[in-house]
Amino acid sequence: MISVGIFNGYYPYTLSETIAKIQKDGFSCVQLDLSFKDMDLSLDSLTQEKARHIRDAFREANLPIVCISGYTNIIHPDPRKRAENIEGLKTLLKFARDLGSPYVISETGTYNSESDWVWDPKNGTEEAYEAVCGELESLAKFAYDHGSMFLVENYVNNVIGSVDQLTRLFSDVNHPGLGLLMDPTNYFTEKNINQVDEELNRIFNTLGDKIKIAHAKDCKPAVDTSEKHAAIDAAESHTFRGAGGVELPAPGLGILNYDLYLQRLSKLHPNIPIIIEHLDEQDIPRAKRFLDGKLKENGC
């Protein structure tokens, strides 16, 4: 059976308070954000002792940490900032096992200097692809050497967004240190948002064997095409709700075919964790009921 989890970053509390609230809401696993109100978890302050303290606290609560958030812009146009971002990812990859999971996740980035989530014309160039490919190959090798794995989370406004781009990437970086975070909503633009089922099937037919962890949010055509963020106490990766022609709300609030998504996912990966996102704390019970209901309906 698929296990249902959540990012702890949607609970802006201390470590113990966060764990208690996640337990109360009935989740069985967690995607770890290094964001607890009672701890300094800046990456330059992360130690093995801190990492194991967090890991052991979740283990004692019977809430396995199944993956780790490392979201950053790996091809930031400012070379100094790019180097800092890469070094931060390497820190997480080095401590991943001490934090409870080998999987560290990030998007592939954008050359937009104002936002990590907005398209830049340079993103579509061969130069951009080669730059991302080089960074991902280096991260994959570093991860493998430290017993971890880097998971790509594609997004249409970043350099790597489409099925074709991911297919090329996994061919060019054919390494056991690289895997895929499955989030079908990240593949949709205004051009294919009305072909949800076709795109879902194409994703699984082409990339199914690369998937390690899954996400649960939703998608729908956007009325407001500007960059959207929710007013919540969380990292920017958790406040983001879409940019351009597609809005990205919480699961059950859009047009994603969850029956087809979960059927395809469970057939290939019957025990995979699926992590709820793009919501505020008040909406968590509804979103979990929705996802639990879909999993039950589809025997997943």
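**Note on the predicted model: loops, helix contact and barrel**

1. His 278 lies in the loop that links strand 10 (273-276) to helix 9 (284-297); helices (H or I, at least four residues) and strands (E, at least two) are DSSP runs, numbered from the N terminus. His 278 is not a glycine, yet its phi is positive, about 60°. With a relative accessibility of 4%, His 278 counts as buried (buried is under 20% relative accessible area, exposed over 50%, partly exposed in between, with a 1.4 Å probe and protein chains only).

2. On the basis of the values: this is a predicted model, in which local features need pLDDT of at least 70 and side-chain atom pairs count only at pLDDT 80 or more, while totals for chains, interfaces and linings use all residues. Residues are numbered from 1 along each chain as its sequence is written, and side-chain values use heavy atoms, with hydrogens and water left out.

3. Asn 62 also is a non-glycine residue with a positive phi of about 60°. Its place is the loop between helix 2 and strand 3 (65-69). Is Asn 62 buried or exposed? At 54% relative accessibility, Asn 62 counts as exposed.

4. Helix 1 (residues 15-24) and helix 2 (residues 48-60) have axes that come within 10 Å and cross at roughly 30°. Axes are lines fitted to C-alpha atoms, for helices over the stretch in contact, and angles run from 0 to 180 degrees between N-to-C directions. The two helices are therefore roughly parallel to each other (angles under 35 degrees count as roughly parallel, over 145 as roughly antiparallel, 65 to 115 as roughly perpendicular, the rest as oblique).

5. From helix 1, Leu 15, Ile 19 and Ile 22 make the contact, and from helix 2, His 53, Ile 54, Ala 57 and Phe 58; contact means heavy atoms within 4.5 Å. These residues divide into 6 nonpolar, 1 polar and no charged (Ala, Val, Leu, Ile, Met, Phe, Trp, Tyr, Cys and Pro count as nonpolar, Asp, Glu, Lys and Arg as charged, the others, Gly among them, as polar).

6. A barrel is closed by 8 strands in the order 1-2-3-4-5-6-7-10, with parallel pairing; two strands pair if DSSP finds at least two bridges between them. From one strand to the next the twist averages 30°. Strand 1 (residues 3-7) pairs with strand 10 in the parallel sense over 4 bridges, and Ser 3 has Pro 273 of strand 10 as its bridge partner. Helix 8 (residues 258-268) packs on the sheet and touches strand 6 (178-182), strand 7 (211-216) and strand 10. The direction of helix 8 makes about 160° with that of strand 7.
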